[in-house]
Amino acid sequence: MKATGSVIAIVAFVGLIALLNALYTVQETEQVIVTQFGRPIGDPITKAGLNIRIPFIQKVNRIEKRILEWDGRSNNMPTRDKLYIAVDTFGRWRITSPLTYFRRLRDERSAQSRLEDILGSETRNAVARHDLIEMIRTDKGREPLRDETLGEESIVVGELLPIVKGRIAVEDEIVEAAAKKLIDFGIELLDVRFKRINYNESVRKKIYDRLISERQQIASRFRS
């Protein structure tokens with residue numbers, strides 16, 4: 001009788017463990033793909049709640065449902081007028097096709113690496129298609145400031161090219177080009193923005209020379 005009772009207790013304990021292992025919860029912020037021996041089984045589970053799987057055979061793979069962030073590395077890039085700038089970008093994305101995402105990338109680390117490749121490449125292409133003025137001005141509706149002290153008859157120090165698009169339009173170009181490529185990975189690209197644009201040392205020197213020349217013109221007018 002004691003042996004029978006021990007067997008029953010062991011079977012009950014194993015059954016309880018199996019039952020607990022079979023049940024899993026899907027949170028509202030995630031979506032789940034169940035795999036069996038590494039292969040996806042059935043459709044992705046996107047609704048929150050309690051679910052069941054075959055214990056010890058099927059594995060639960062949790063995929064983020066919320067909006068995620070991509071923070072690109074700062075890189076030196078040449079503009080169309082052959083001036084180098086250090087561009088630092090960031091973007092937002094989300095997983096809209098979890099099954100495609102899982103098959104192509106598996107996890108967020110691989111996704112971030114692919115985002116770096118695609119968004120970094122499209123950013124370099126967009127910067128190379130535009131002059132420096134397009135990258136540093138917000139949009140084409142803004143007019144460059146000019147010190148009134150210089151006067152209309154003053155010698156113009158350099159010439160600012162007209163703004164055709166502006167930085168916001170360049171950002172939209174990057175999103176449009178990159179979003180088409182990321183669809184194949186089950187990713188929807190929401191936006192890409194320039195976090196910081198720094199001048200290269202050679203470009204910075206030209207800007208300082210321009211500022212010094214304008215200040216010298218103002219000083220000359222006062223002295224005269």
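Pro44 is partly exposed, at 25% relative accessibility, where partly exposed lies between buried (under 20% relative accessible area) and exposed (over 50%), with a 1.4 Å probe and protein chains only. The residue Pro44 belongs to strand β3; strands (E, at least two residues) and helices (H or I, at least four) are DSSP runs numbered from the N terminus. Between the C-alpha atoms of Pro44 and Ser97, which are 53 residues apart along the chain, the separation is 8.9 Å. The model is predicted, so local features need pLDDT of at least 70 and side-chain atom pairs count only at pLDDT 80 or more, while totals for chains, interfaces and linings use all residues. Residues are numbered from 1 along each chain as its sequence is written, and side-chain values use heavy atoms, with hydrogens and water left out.

A nonpolar patch on the surface is formed by Phe37, Ile54, Phe56 and Ile57, which together have about 470 Å² of accessible area. Patches consist of residues with over 30% relative accessible area and no salt bridge, with like charges joined within 9 Å and nonpolar side chains (Val, Leu, Ile, Met, Phe, Trp, Tyr) within 5 Å. Accessible areas come from the Shrake-Rupley method with a 1.4 Å probe, and for residues only the protein chains shown count as cover. Phe37 lies in the loop between β2 (30-36) and β3 (39-45) and is exposed, at a relative accessible area of 69%. Phe56 is in the loop between β4 (49-52) and β5 (58-64) and is also exposed, at 64% relative accessibility.

Most residues other than glycine have a negative phi. Phe56, although not a glycine, has a positive phi of about 70°. Arg106 is not a glycine either, and has a positive phi of about 75°. The loop between α2 (98-104) and α3 contains Arg106, which is partly exposed with a relative accessible area of 44%.

Helices α3 (residues 108-128) and α5 (residues 167-182) pack at an angle of about 140°, and their axes are 9 Å apart. This angle makes α3 oblique to α5, because angles under 35 degrees count as roughly parallel, over 145 as roughly antiparallel, 65 to 115 as roughly perpendicular and the rest as oblique. Axes are lines fitted to C-alpha atoms, for helices over the stretch in contact, and angles run from 0 to 180 degrees between N-to-C directions. The crossing of α3 past α5 is right-handed; a crossing is right-handed if the near helix is turned clockwise from the far one by less than a right angle, and left-handed if anticlockwise.

The structure contains 13 salt bridges, each defined as a side-chain nitrogen of Lys or Arg within 4 Å of a carboxyl oxygen of Asp or Glu. One of them joins the side chains of Glu30 and Arg62 (2.5 Å, N to O). This pair links distant parts of the chain, with Glu30 in strand β2 and Arg62 in strand β5, 32 residues apart. Glu30 is buried, with a relative accessible area of 12%, whereas Arg62 is partly exposed at 45% relative accessibility. A salt bridge also forms between Glu173 and Lys165, whose closest N and O atoms are 2.4 Å apart. Glu173 is buried at 17% relative accessibility, and Lys165 is partly exposed at 36%. Salt bridges that share partners also join Asp71, Asp88, Lys195 and Arg196 into one network.
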